[in-house]
Amino acid sequence: MLSRVADSLYWMSRYLERAEHTARLLAVKLETTAEQSREDAESAWVRVLAAVSEEHAPVTDSDVLAITQHIAFDQMNGTSLLSSVSFARDNARQVREQLTIEVWENLNRLYLKLRDLTAAEVSSPAMLFREILQDLHALEGVTYSTLSHGEGWYFLELGKHIERAQLICRLLDLHFGAARAGIAVEANYFDWLVLLKFCSAFEPYCKVYTATIQPEKIAEFLLFDAEFPHSVRFSVDRVCDALIHVAPGAPPGRRATVERLAGRLKASADFTQIEELMSGSIDRFLGDIAKQCEKIHDAVYAAYIAYGAETVL
Amino acid sequence: MSAAQSRPELVLSPQPGESPFAAYKLGAPYDEMFAADGTVRPHYAALAERLANLPPEELLRRQQACETSFLHQGITFTVYSDKQATERIFPADLFPRIVTASEWAKIEAGLTQRIAALNLFLKDIYTDGRVLKDGLIPRSMIYGSKHYRREMRGLPVPHDAYVNVCGSDLVRNESGEYVVLEDNLRVPSGVSYMLANRDVVRRAFPSLFRSQGVRPVDQYPRELLATLRALTPVREDVSIAVLTPGVFNSAYFEHAFLARQMGVELVEGRDLLVNDNVVYTRTTSGLKRIDVIYRRIDDDFVDPLIFRDDSALGVSGLFNAYRAGNVMIANALGTGVADDKAVYAYVPRLIRYYLSEEPILNNVETFLCREPKSLSYVLANLDKLVVKAVGESGGYGMLVGMHASKAEREAFAEMVKADPENYIAQPTIQLSTAPTFVDGRVEPRHVDLRPFILHADKTVIVPGALTRVALRRGSLVVNSSQGGGSKDTWVLSN
């Protein structure tokens with residue numbers, strides 16, 4: 001596979017994962033606002049804003065429309081939902097011939113739908129974001145069922161799960177780690193519930209731990225559950241699996257660094273105990289996982305995508 | 001801004017029960033569907049009958065469905081204006097244009113003859129130059145052309161096929177004869193629209209389609225692949241790539257489409273590198289050798305070492321790899337010398353010279369101002385002619401006599417007299433009209449015809465073409481940038 005194509009597929013997938021994350025956060029936030037006190041609703045907005053854009057700013061009730069516009073539809077905001085979908089589409093356009101017509105049309109239609117929307121004109125935003133989530137899930141399904149599960153597909157998997165692992169780490173950091181310090185109000189029962197919903201994890205969590213909401217169990221579930229598709233460990237497994245399948249013809253020498261880093265990340269996700277983390281090291285752990293993901297990204301680029309010709313001739 | 005090309009509001013809504021052809025007015029030009037006396041030509045009869053019974057709202061609905069489908073598929077080209085790049089669809093008109101079997105037989109024979117002569121001509125001017133020694137064509141016209149590539153002199157080309165993909169523009173004149181307006185021998189585009197139009201029309205009128213005996217065009221990508229394969233002696237594991245300038249090129253959709261349909265790699269210049277005169281692509285698993293490149297970038301940009309050094313689209317060293325015979329490039333470089341306006345005028349003579357045959361398809365009558373007899377005719381008839389400078393394109397250096405003022409004509413005449421070699425003149429041609437859907441009714445619009453010719457070890461013309469249509473009433477300009485659209489073209493099997 002052309003290195004440039006791998007690059008575009010990888011980024012297309014990362015941006016789509018980011019779009020899905022943003023859409024879900026917005027949908028969940030807007031759906032749950034009604035049940036919260038004004039103060040709680042405002043601090044929850046601070047978390048959402050921080051989770052999708054690294055911005056820490058106090059939010060008041062009157063800002064909600066502007067924030068929704070900013071997070072969802074602002075083309076000038078590089079992390080908005082529209083920007084993510086638009087970047088994904090730009091990447092898809094570059095590798096149009098590698099995708100199936102179904103994949104392209106689903107993505108293109110989603111972009112065309114989003115492009116002309118503004119927060120002020122959307123009558124029921126929560127429903128809209130649910131609908132966009134469905135569109136994104138349909139796109140994922142169409143990708144799974146129409147695209148060959150060859151090297152390109154594994155680059156999509158790689159991008160999706162590297163992004164997902166990092167996004168979950170970021171979200172956990174806002175609830176358990178260092179980033180929590182930026183938020184004035186301590187999380188309450190309702191916030192924990194919302195955290196699970198942010199990761200579409202509420203029902204899967206209950207199946208494992210019953211409806212008893214305990215922060216430690218939530219952290220364990222979202223970090224280490226091996227079967228839940230929005231846990232860090234699950235994503236790490238998918239990353240490692242994808243790395244086995246990409247660049248099948250690359251000589252072992254060029255694969256070595258990538259494989260070593262993947263093995264290390266897998267060990268962190270497989271063998272860390274939640275008890276150790278809850279006693280104070282969770283900040284460091286979350287930061288470490290995110291950093292290891294970045295290193296894998298860099299190593300993949302150095303070995304398969306942006307290598308110098310002189311290194312292989 | 002919406003990318004959907006919304007059609008103008010319905011100003012004159014057709015009345016319920018009214019025939020969609022009620023407003024169809026025949027003019028002086030040849031009409032594809034109606035004879036001069038208003039009767040329907042036999043090959044359009046079935047279509048006319050079917051459409052006469054279709055309510056106008058239904059026509060509009062199908063037309064809109066077709067446009068939405070193009071937009072969703074991303075069959076768009078990009079228009080750059082101010083800061084914003086807008087994606088627009090190339091409007092497809094659902095009313096097919098029909099070509100009879102006998103008309104097609106003549107077109108096919110004529111284009112096959114034409115490409116044979118043009119390839120012989122290219123070989124000649126890049127090797128012996130017999131045609132120049134014999135004085136058929138002035139040397140200055142060839143060696144002075146900015147599309148003549150000295151680097152190609154003496155270089156062997158597989159099957160002596162310089163032009164592997166050609167798109168020739170044909171128009172029908174007032175008497176109904178197909179004549180050649182232009183040959184595109186460099187990087188002709190539009191074939192993807194031929195295929196996409198077929199797709200949407202087949203979906204819009206499935207039953208009609210079956211009953212008509214329309215010849216298929218879907219084999220084009222396969223034929224193109226076979227043509228490219230025939231260029232290389234490599235037989236096992238031939239590695240072919242389509243070279244595109246990238247996603248910002250207006251024909252990018254077509255490049256991607258063809259690569260996908262042929263099952264070959266779509267590459268940009270930055271994916272390729274040349275080492276020891278061998279061309280490689282950079283893949284995730286390492287470097288991979290490329291044997292044939294179907295390039296969709298102009299000569300000037302192919303290799304910055306040889307041609308334009310400010311080009312970032314091409315590949316350094318590509319030309320040397322080509323010269324060494326390690327990679328084949330289609331079309332060959334330097335083919336543009338044979339499709340400029342002056343050489344065009346000589347094509348009928350070239351056919352006689354190389355093939356000892358009479359041209360099957362005529363040119364549009366062209367006067368070469370370098371020939372004294374023609375010059376005096378042109379100067380005496382400026383008000384009836386279109387005069388063009390040979391080196392220019394896109395409407396520059398052009399006089400449309402019937403629309404120019406007396407002073408403009410006189411000024412232009414002075415320019416022609418000062419440098420007659422640089423000018424040609426042609427009569428204004430009334431392109432034929434074909435029925436076209438406009439706001440739920442059918443109206444006549446001017447059309448041309450661009451078939452695509454493939455040529456390597458043999459010549460293949462897929463029975464179909466891109467029909468471009470000037471969607472503005474009365475307009476003769478079919479270019480996509482100027483309100484042109486396209487139509488599916490049906491070549492009938494009998």
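**View 1. Burial in chain A.** Of the 313 residues in chain A, 46% are buried (20 or more other C-beta atoms within 10 Å of the residue's own, with C-beta atoms placed from the backbone). The model is predicted: local features need pLDDT of at least 70, side-chain atom pairs count only at pLDDT 80 or more, and totals for chains, interfaces and linings use all residues. Residues are numbered from 1 along each chain as its sequence is written, while chains are lettered from A and ligands numbered from 1 in the order in which they are written.

**View 2. Helices of chain A.** Chain A has 13 helices and 0 strands (DSSP runs, numbered from the N terminus: helices are H or I, at least four residues; strands are E, at least two). The radius of gyration of chain A is 20 Å, close to the 20 Å of the globule rule for 313 residues, so chain A is as compact as a globular protein of that length. The radius is taken over C-alpha atoms; the rule is 2.2 Å times the number of residues to the power 0.38. The C-alpha atoms fill a box of roughly 65 × 50 × 35 Å along the principal axes.

**View 3. The side of chain A that touches chain B.** Here 27 residues of chain A are in contact with 24 residues of chain B (C-beta atoms, placed from the backbone, within 7 Å). α1 (3-32), α4 (81-94), α5 (101-115) and α13 (274-305) of chain A each supply at least two residues. α5(A) gives the most, with 6 residues.

**View 4. Residue classes on that side.** The chain A residues touching chain B divide into 15 nonpolar, 4 polar and 8 charged. Nonpolar covers Ala, Val, Leu, Ile, Met, Phe, Trp, Tyr, Cys and Pro; charged covers Asp, Glu, Lys and Arg; the others, Gly among them, are polar.

Conventions: Buried ≥ 20, exposed ≤ 12 C-beta atoms within 10 Å, placed from the backbone. Contact = placed C-beta atoms within 7 Å.
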